[in-house]
Each structure stands twice: as structure tokens, then as C-alpha cells.
Amino acid sequence: MAEAILRLDDVVKRFAGHTAVQDLSMEVPAGGIFGLLGPNGAGKTTTIRMIMNVIMPDAGRITLFGGPASRSLAARVGFLPEERGLYKKMRVLDHLVFFGQVKGLTARAARARSREWLDRLGLADWGSHKVEDLSKGMQQKVQFISALLHEPELLVLDEPFSGLDPVNSQVMKDVVVDLARQGRTVLFSTHIMEQAERMCDRIVIISRGRKVVDGPIGDVKRDFGGSYVALAFGGDGARAAPVLADRSLVAQVDDYGASAEARLAEGAGANQLLARLVSAGVGLTRFEVVEPSLHSIFIAKVGPEAATAPAREELIHG
Amino acid sequence: MDKVWAVIRREFISRVQSRAFVISTVLGPLLMGALFMMPILLEKRQTAPRHVVVLDAAGGDFGRQVADRLRTEMRDTVTHTIPRYRVEYVAATGRLDQVRDSLVALIGLRRAGPGALDGVLVLWDSTLATGKMQYDGANVGSPNDMNALERAVRPLVIGARLERAGVNPDVVAAAQGRVELRTERVSQGKLTGQSGDASFLLAYVMSFMLYLALLLYGMQVMSSVVEEKSSRIVEVLVSSLTPFQLLLGKVVGVASVALLQLSIWAGTAMVLTTFRLQVAGAFGASPRTVSDLPIPTVSPAMLIVFLGFFVLGFLFYSAMYAAVGSMCNSHQEAQQSQTPVTLFVAAGLMLMFSLLGEPNGTMAHVLSLVPFFAPFVTPVRYSLSPLPWSELLLSVLAMVAGLVVVVWIAARIYRVGILSYGKKPRLAELARWVRTA
């Protein structure tokens with residue numbers, strides 16, 4: 001594993017009434033895309049706020065670029081907070097220049113780079129408009145640009161894709177992947193597993209402030225074990241239901257109606273399941289032995305707890 | 001430091017570009033110009049003499065004396081060329097009521113043209129004994145007109161009474177010679193050439209400007225804090241700036257906008273007063289009327305004291321406004337929570353008014369040492385009466401000491417507040433923030 005660019009050691013954060021983050025340790029290696037996953041209220045945003053020095057941990061240590069996290073490292077880190085906030089009355093370009101300057105760029109450099117980025121994300125004509133004139137998706141792109149304008153080594157994105165339509169989501173994903181290819185490190189949080197599964201090299205899943213899964217995505221899947229079968233039905237999923245309900249054959253099923261993902265019971269083989277489904281007259285359009293999806297792992301690891309997410313966070317500076 | 005500069009620049013530019021700033025900057029001088037031109041235009045309109053009938057039911061010589069006296073009254077105190085009244089005398093012994101009614105019916109009739117009556121002065125048969133008389137007119141609402149009328153008639157009544165009592169008419173005339181009090185302000189042992197009216201006006205205008213600027217721009221600091229907090233922009237900012245740098249940049253940025261606006265206003269005022277003859281001439285007013293206006297002169301020292309205390313007062317109050325803003329989650333909430341701070345600002349203005357009468361009393365001395373009120377009290381006192389340097393210095397020191405304390409507390413509240421969401425803190429919680437921040 002490459003040298004860690006960011007390290008958390010036994011980090012604890014308590015708020016009045018509950019513990020948001022409990023003894024969290026993790027390492028983010030330099031380069032690549034790192035996913036911080038968890039259900040709502042798991043402590044992702046609190047963790048990110050501590051990494052970004054917005055709030056202080058009550059215990060434990062955060063090491064950034066080999067030293068303690070501090071504001072002097074701000075120029076090397078880009079941050080997109082979960083809440084989408086911009087100065088509504090400012091012009092887009094002025095806005096970007098301001099954030100560039102706050103991160104240590106000169107006004108001139110910030111202006112030039114802002115123009116490039118606006119161009120690249122299809123907002124070239126909007127530089128002199130006020131932020132409030134932009135659509136929500138455009139505003140999100142502007143905020144995204146403001147996070148990476150100063151070419152940070154580490155980019156911390158809190159729920160970067162939430163609320164984006166597929167087209168914009170795709171554009172942002174391409175940028176993130178591109179940055180990772182250039183050798184930068186991207187840490188992003190999400191509760192959308194499909195996205196994390198496709199993009200991340202490594203993941204950590206936290207639930208109720210505790211880490212439940214940690215590692216490169218391939219290892220996570222292998223360690224989770226079990227044999228999985230992905231199924232799709234040609235419209236008569238109802239006939240499959242009794243077969244999938246057979247616990248001697250299928251340990252667990254994640255049923256989507258027209259498709260399903262089934263974990264085979266121990267000792268049962270994929271061929272047995274196929275035979276049973278065919279003899280039951282199910283019109284299969286897909287039958288594939290697969291690795292467990294991140295989604296299944298996530299549900300299995302945090303499922304019962306995630307249903308009872310703690311109350312909203314109340315931030316108190318320690 | 002570059003980052004603080006970026007914050008200052010942002011606050012400054014985004015404000016100066018706003019429509020509200022442009023409008024208020026233009027509107028200020030316009031209002032000032034209106035205030036300046038109003039007396040001139042009014043004077044121009046009023047140059048026609050008031051057409052007054054003296055309706056005499058008193059009998060004897062008195063009614064004629066009053067009419068003659070009014071004829072000699074001049075509107076213009078410098079050259080004595082514009083008569084104040086056009087007077088007609090009507091003797092009305094016995095049929096007073098009918099005549100009065102018919103005259104009253106003529107008052108203010110436009111179709112009567114230039115001959116329209118402005119008013120009727122009724123002298124009863126008891127006037128000399130009781131001193132009571134009656135004026136019926138369209139202009140009774142004007143204190144100026146009424147004072148002038150009373151001033152003109154009073155000595156005649158007193159004179160007539162004295163003569164009745166057997167006093168030599170020459171003695172009466174001599175005793176009633178004009179008494180006039182002219183005022184000129186003394187500052188630092190020197191005559192300033194500025195009338196009492198003018199220095200009063202200066203004090204008045206200054207404290208209003210202070211009040212408006214503190215209130216308007218203090219609130220802007222507050223809403224800027226709320227905007228950053230509610231949009232969570234502050235999270236990005238505090239990951240690269242300390243909260244104190246952010247607060248500093250914000251307050252200085254807004255302060256420089258306020259100073260810019262005040263200087264535009266002050267500059268316009270100076271141009272207007274320097275070229276007042278030309279400006280008045282353009283409106284067709286005589287130069288004399290302009291030189292009669294109580295226009296204050298502002299010495300550079302006065303300007304420094306005023307601006308100095310404005311800056312100190314602004315830092316003092318805007319730190320408080322920022323602290324209030326940091327506790328709130330929305331603009332509405334902030335609007336409700338800022339009342340205590342605004343009350344102090346308003347109290348400063350009120351107290352200043354109560355001190356105008358006695359700018360060197362004990363109260364005035366004490367208040368110029370209270371940081372909450374010194375920004376109002378001290379510059380106004382300075383403009384009204386000589387203030388020893390030692391006292392000025394003491395006031396500045398008190399102000400700076402208060403500023404340090406308030407900024408220290410406010411910065412701590414701000415630091416915690418901007419990252420705290422949910423319910424507004426109680427006083428006990430605030431105290432904890434200040435202690436632990």
C-alpha cells in the first residue's frame with residue numbers, strides 16, 4: 001500500500017447526547033479514489049469536518065501529509081461540503097476567484113483557471129452572471145470548481161453527486177476520475193453504493209460512528225465471501241418467488257421485482273438453482289454467477305442498524 | 001494576510017456593486033441638496049409681502065400705530081428692503097363682527113389674484129387692557145410668521161400701557177430699542193466664526209450620520225455572517241482561514257464600504273457649501289439669503305475626530321452584530337435577535353440629544369467614557385464646545401479598551417457560533433462558548 005496521505009487514529013467526536021464518531025481509524029493512500037460510505041447519520045460528514053479542521057476531534061489524532069491537520073495545509077486540500085452553499089449575489093467568476101484567493105492563489109491565476117474550468121464544464125457563458133441566476137446543477141458545478149481550482153493534492157468531496165441529474169453526474173464523475181489519474185487523491189463520501197462500487201479503489205464503511213468495513217474494494221468483496229447469482233426475469237418474477245424462498249438453496253435474496261441478487265446457501269450450487277428455476281417455468285433473461293455487490297455487503301453489514309439512524313447532528317466546537 | 005485581504009475585497013466589491021449601495025449613495029446627496037435648497041426656495045416663494053388687514057375696534061390711536069408699525073417691518077434683516085407686510089387699516093368700531101366675517105371670507109382666495117388677503121389682525125376694544133388680540137389667517141401654522149407678528153405688536157401694547165400710566169413716550173421708545181443676541185462658537189480659545197445655529201446643525205447631522213451608518217452597516221455585517229453560516233460557505237472558509245481572520249476581513253471590508261459612502265456624502269456636502277452662492281444663484285436665490293443660512297464649517301480636526309470615532313464605534317458595534325449573526329440560523333432569527341444591540345445604538349443617539357443642551361455637564365463627561373455611547377457623545381461634544389485634549393484622549397482610550405473586550409468576547413462567540421446549528425444558545429451557553437472557545 002502506498003504511503004498514507006491522510007491517517008485517522010482512534011478519532012472520537014461526541015455531541016451533546018450521542019457519540020458521532022467512535023474510535024475511527026483509517027488510512028487514505030496517496031493517489032486513487034477513496035470512498036467513505038455509510039448510511040445517513042453514520043458520521044461521514046462529521047468525519048470529513050474533522051479532517052477539514054472545521055471541528056476538532058475530542059480524542060484521537062488526524063495526520064494529514066504526515067503532520068497534524070492544520071489550516072496551513074489548506075492550499076493542498078480542496079473541500080466540497082455536503083451543503084450546497086454559494087454567495088447568491090456574486091458573479092460566478094468573482095466567486096471562483098475569491099475562493100481561489102482564500103486557498104492561496106493569486107487573483108490572476110485564479111481568474112485564468114476559473115475560465116478554463118468553466119469552459120470545460122460547459123459554463124463558459126455564465127462567468128459574468130450572478131450565482132442566483134444559475135440552475136441548481138450549474139451551481140453545484142461552480143462549487144465543485146471552487147473546490148479544485150487551486151489544484152489540491154487531496155480533494156475531499158462530501159456527497160458530491162447528490163441531487164445531480166445523470167448528465168451532470170457523469171461530467172463530475174469524469175473530472176474526478178481524471179484527477180485521480182493525474183495522481184491526486186480523492187476522498188468522497190456517499191450512500192449510493194453503485195457509484196462507489198464503480199469508482200473507488202478503496203472504501204471504508206462506517207455505521208453509527210464505527211468502522212465496519214475497510215480495504216481495497218476487491219479484498220472487501222473476496223473477504224465477504226459467499227457465492228452470488230444475479231438474476232433477471234422476463235416478466236414472470238412471481239414464479240421465481242417460491243424457489244428463491246427455499247432457504248436450503250438461497251440464503252438471502254435482494255428482490256427488485258424484475259431482477260434479483262441471491263446469495264446461495266452453503267452447500268448449494270448455482271446449477272441447482274438454475275435447474276429449479278427452469279423447472280418452475282421462470283423465463284430467465286439473465287443468470288450469472290457474480291461477486292457480491294457493494295450494495296449487498298453494505299446492507300449485510302449495516303442493515304439492521306441503519307434503520308435507526310441517530311438524530312441530526314448538533315455541532316459544538318470543542 | 002493575503003487571505004484576509006481577499007475577504008476584505010470580496011465584502012467591499014460585492015457591496016459596492018449592489019443596487020442598494022448605488023441608490024443610497026446617490027440618494028444621500030440628493031436629500032442633502034434638498035435640505036440645503038429648501039429654505040432658499042421657500043424664501044423665494046415667500047418674498048411677496050403678506051397682505052394683512054388691521055381691523056381696529058380698540059378705538060383711539062392704537063390701531064393706526066399697529067398698522068404703521070407693521071408697514072415698517074422688513075422681511076430681510078440685512079438690507080431692510082423687502083417689506084414683510086402689505087397693510088390696510090379698517091376702523092370697525094361697533095360693527096366688528098360683520099366686517100370681520102366679510103374679510104375672513106376673502107382670505108386665501110386665489111381668484112382674487114395678488115390682492116388676496118393673507119390674514120386679519122383683530123384688535124378688540126379690550127385689547128389694551130387685556131393684551132389679547134386675534135389673528136385670523138391662512139398662515140397661522142407657520143411659527144416664523146406668528147413670531148414675527150407677535151414681536152412687532154408686543155412693544156406697541158407695552159408702550160401704550162406705559163404711556164397710559166404716565167411714562168414719557170421718549171423714555172418708552174428708548175427702552176424698547178432692539179435687543180439682539182448673536183452667537184459665535186469659541187474653540188481652543190479662538191473665535192471660529194461659526195454661529196451657534198451652525199454648530200448645533202453640525203452636531204445634529206453628524207450624530208444622524210453616525211447612527212445611520214452604524215445601524216445600516218452593522219446590520220450588513222450581521223447578515224453577511226448569517227449568509228455564510230446558513231449556506232455553509234463558512235465551512236469551506238474556516239478550513240483555510242481562522243474564524244478571527246474571517247471576522248476581521250468581513251468587518252474591515254464592510255467598514256471601508258461605509259467610509260466610502262460617508263466620504264461621498266461628506267464630499268458632496270462640502271462642495272455644496274463651498275459653492276453655495278453659485279448653487280443658490282442657479283436656483284435664482286439672492287446671495288444674501290444664502291449667507292444667512294446656518295452652514296457649519298468643518299475643520300480638519302473635527303473631521304478626524306468624527307471619522308476616528310466612527311471607525312472605533314463601527315468596529316465596536318459590528319463585532320457585536322457579527323456575534324449575534326453567528327448565533328442565528330436565518331435572517332429572520334437574526335433580525336429578532338439584534339434588538340439589544342440596536343437598542344444601544346438608539347440609546348446613544350437619544351443620549352446625544354439630551355446632551356446638546358449641556359455638552360460639558362457631569363453626564364456628558366461620564367458618557368464620553370462609556371464605549372457604548374462615546375462614538376456619539378464625544379464627537380458631538382467636540383463640535384459643540386471646546387474639549388480639552390486630555391479628555392478627548394481619555395475617551396479614545398476608554399473606547400479602545402471597550403473595543404478590545406468586546407472584540408475578544410464577540411470573536412469567541414463567533415468562532416463557536418458559525419459552526420453551531422440548531423437552537424439559539426441561551427445566555428449560560430454563550431458564557432460557556434466564551435470560556436471554552
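Five bridges tie strand E1 (residues 4-15) of chain A to strand E4 (residues 59-64) of chain A, and the two run antiparallel. Helices here (H or I, at least four residues) and strands (E, at least two) are DSSP runs, numbered from the N terminus, and two strands count as paired if DSSP finds at least two bridges between them. Within E4(A), A:Arg61 is the bridge partner of A:Asp9.

Some ground rules before going on. This is a predicted model, where local features need pLDDT of at least 70, side-chain atom pairs count only at pLDDT 80 or more, and totals for chains, interfaces and linings use all residues. Residues are numbered from 1 along each chain as its sequence is written, while chains are lettered from A and ligands numbered from 1 in the order in which they are written.

The E1-E4 pair belongs to an open sheet of four strands in chain A, ordered E2-E1-E4-E5, with antiparallel pairing. Strand E2 (18-29) and strand E5 (67-68) of chain A are its edges, each pairing on one side only.

| Strand | Partner strand | Bridges | Residues facing each other |
|---|---|---|---|
| E12(A), 250-255 | E13(A), 259-264 | five | A:Val253 and A:Ala262 |
| E11(A), 228-233 | E13(A) | five | A:Val229 and A:Ala262 |
| E11(A) | E14(A), 284-290 | six | A:Leu231 and A:Phe287 |

The hairpin of E12(A) and E13(A) has three residues between the strands, and A:Gly257 there takes a positive phi near 90 degrees.

**Helix H2 of chain A**

How many residues of H2(A) are buried? For this helix (residues 92-102), 10 of its 11 residues are. Buried means 20 or more other C-beta atoms within 10 Å of a residue's own, exposed means 12 or fewer, and partly exposed is in between, with C-beta atoms placed from the backbone. Among the buried ones are A:Asp94, A:His95 and A:Gln101, as well as A:Phe98 and A:Phe99.

Those buried residues pack against helix H3 (107-120) and helix H4 (136-148) of chain A, together with H1 and H9 of chain B. After H2(A) comes A:Gly104, whose phi is positive, near 105 degrees.

**Where the chains meet**

The contact between the chains draws 26 residues from chain B and 23 residues from chain A; two residues are in contact if their C-beta atoms, placed from the backbone, lie within 7 Å. On the chain B side, the elements giving two or more residues are helix H1 (2-16), helix H9 (233-238) and helix H18 (389-417). H1(B) has the largest share, six residues.

By class, that side of chain B has 11 nonpolar, eight polar and seven charged residues. In this scheme Ala, Val, Leu, Ile, Met, Phe, Trp, Tyr, Cys and Pro are nonpolar, Asp, Glu, Lys and Arg are charged, and the others, Gly among them, are polar.

**Chain B and the cores**

Chain B has 19 helices and six strands. Buried residues make up 35% of its 437 residues. Among contacts in chain B between residues at least 6 apart in sequence, 70% join residues at least 24 apart.

A nonpolar core is a set of buried Ala, Val, Leu, Ile, Met, Phe, Trp, Tyr and Cys residues joined through C-beta atoms within 7 Å. The largest one holds 146 residues, and A:Val156 and B:Ala322 touch the most other members. Helix H13 (residues 300-327) of chain B gives the most to this core, 16 residues. Leaving out residues up to four places away in sequence, the contacts of A:Val156 include A:Ile48, A:Phe79 and A:Leu187. A second, separate core of 20 residues includes B:Val66, B:Val87, B:Leu123 and B:Val153.

B:Val66 also turns up in helix H3 (residues 62-72) of chain B, where B:Gly63, B:Val66, B:Ala67 and B:Leu70 are buried. Seen down the axis of H3(B), the buried residues fall within an arc of 95 degrees, so they line one face of the helix; the arc is that of the directions from the helix axis to the C-beta atoms. They pack against strand E1 (50-56), strand E2 (85-91), strand E3 (119-123) and helix H6 (143-164) of chain B.
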